[in-house]
Amino acid sequence: MYLEGFLSVITDPEMYLVILLGVAVGIVFGAIPGLTATMAITMCLPMTYAMETKTAVCVLMALYIGGISGGLISAILLNIPGTPSSLATTFDGAPMAASGHAKKALGVGVFYSFIGTMVGLVILMGVAPQLSKIAIKFSPLEYCALAIFSLVLVIALAGKDMIKGLISGTLGLMFATIGLSPIDSMKRFTFGNVNLTGGFQLLTLLIGLYAITEIAAAAFEAVHPKDMTIRKTEKVKGFGFSLKEFKDNIGNMSISALIGTAIGILPGIGGGTAGLLAYSVEKSRSKHPEKYGTGCMEGVVASETSNNAVIGGAMVPLLTLGIPGDGATAMLLGGLMIHGVTTGPLIFQKYGDTVYAIYAAMLIAAVMMLFVEFYGMKGFVNVLKIPRNFLLPPVVAMCCIGAFGNSNRVFDVVAVVIFGLVGYLLGKVDMPQPPLVLGFILGSMLETNLRRSVQLLTIDPNCWAAHPIAIGFLVATVIALFFIIRSRTKKPAKTAE
């Protein structure tokens with residue numbers, strides 16, 4: 001029965017066309033800043049009501065995979081993350097494009113997006129039930145320890161000045177506290193404004209910090225013009241990187257894929273955190289961490305492999321536990337329920353054919369994504385020929401439309417402008433933005449689980465002994481902190497005169 005579900009998709013030519021269209025639409029939504037994979041699924045979900053379950057599953061998975069991968073296009077070409085998952089891709093992808101290596105950056109991003117998706121799918125197919133058993137053991141203590149471990153890696157994203165990085169991360173945590181507090185729902189820092197009750201949205205923060213900041217910089221260049229020569233993009237063969245570069249990045253690819261899959265399995269964290277975490281790990285592992293952020297291939301590999309591996313990981317709790325990991329998988333859950341598929345521990349017994357149809361749809365969608373983005377690279381690169389002062393205003397207009405459409409609130413458009421001002425001021429004082437984003441993403445998770453952990457420890461002070469995973473994360477935090485501080489404070493060796 002399981003094999004029949006897989007073959008029913010693989011052997012049906014109509015499904016290939018459906019998945020191709022879904023991937024193309026998803027890539028468009030992912031590439032336009034402000035529009036996300038979640039929005040693509042949301043808008044197209046009503047169209048699947050009249051479809052057969054198999055066809056609907058193919059459409060939804062194609063939109064999901066195309067939307068996540070499409071974010072790399074604007075991240076590399078415009079230095080604006082198309083989706084939250086592609087945030088870390090801007091760190092090295094945009095500098096590569098600025099130095100004339102846009103095609104190589106796109107080729108690396110597209111190829112390793114495919115690799116990450118495939119690794120996540122293989123892990124999903126092979127060890128989903130076993131991984132779900134581990135994920136279900138995560139109590140507030142484990143989530144709290146994981147959040148602390150991730151926040152320590154803010155230091156790795158802070159550049160040369162750790163103090164500025166810590167300040168930036170703290171700002172992110174502060175922004176995350178605005179609105180209703182977890183557990184008791186008390187209003188905090190709302191200043192009597194009802195719009196602040198729900199807090200700020202991650203999408204508005206990203207659009208403000210990156211899109212508005214970019215157009216402010218372009219406006220500054222227009223007033224104080226520099227060399228406006230159009231950059232020539234080098235001609236590349238294939239995906240733009242050599243076999244040696246591929247071999248050199250096998251370790252990077254493997255670790256980033258595992259990080260992405262593991263983060264995807266844990267509900268509520270998402271691809272943005274996975275990309276930042278993988279990027280931080282690879283930067284700390286590198287013998288030349290100073291080249292990260294200047295346009296190195298390794299940074300794009302880490303980000304794109306991990307954020308696409310999240311797809312397979314996020315499907316594990318969705319299918320086996322009925323727990324969506326983020327907004328996109330929540331919409332997928334709704335789509336499955338509409339077609340009478342109940343996710344949970346019994347899904348393999350009751351709907352095994354549908355599960356394997358999902359696997360087949362993910363496989364075909366990953367291959368379609370590879371081909372669509374590969375053959376579209378030449379067209380994507382033409383964006384660089386448009387002067388930024390003409391290109392960025394309509395991009396920001398679309399960003400504002402996307403911010404409004406996210407929650408149908410005009411306040412979110414105002415928030416975009418506010419965060420744009422914050423990002424511009426941070427740039428003026430050379431304060432890094434990634435720690436702020438990571439602090440904002442993890443702020444709610446840390447606070448919620450910290451308060452729950454305190455409650456558990458108040459009831460039973462010795463309960464921590466029954467949580468070895470949490471202890472492991474805390475030990476890893478101390479070790480990582482030690483080595484990061486040591487590497488930053490180590491004095492460079494004096495050269496012989």
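**Salt bridges and ring pairs**

Analyst: Searching the whole structure gives seven salt bridges. The model is predicted, so local features need pLDDT of at least 70 and side-chain atom pairs count only at pLDDT 80 or more, while totals for chains, interfaces and linings use all residues. Residues are numbered from 1 along each chain as its sequence is written, and side-chain values use heavy atoms, with hydrogens and water left out.

User: What makes K54 and D12 a salt bridge?

Analyst: A salt bridge requires a side-chain nitrogen of Lys or Arg within 4 Å of a carboxyl oxygen of Asp or Glu. The closest N and O atoms of K54 and D12 are 3.3 Å apart, so the pair meets that definition.

User: Why is D12 called buried?

Analyst: Buried means under 20% relative accessible area, exposed over 50%, and partly exposed in between (1.4 Å probe, protein chains only). D12 has 18% and is therefore buried, whereas K54, at 22%, counts as partly exposed.

User: How do you know whether E282 is buried or exposed?

Analyst: The relative accessible area of E282 is 4%, so E282 is buried. Its salt-bridge partner R285 has 45% and therefore counts as partly exposed.

User: Why is the pair of F111 and F246 called edge-to-face?

Analyst: Rings of Phe, Tyr and Trp (its six-membered ring) pair if their centres lie within 6.5 Å; planes under 30 degrees apart count as stacked, over 60 as edge-to-face and the rest as tilted. The centres of F111 and F246 are 6.0 Å apart and the planes stand at 80°, so the pair is edge-to-face.
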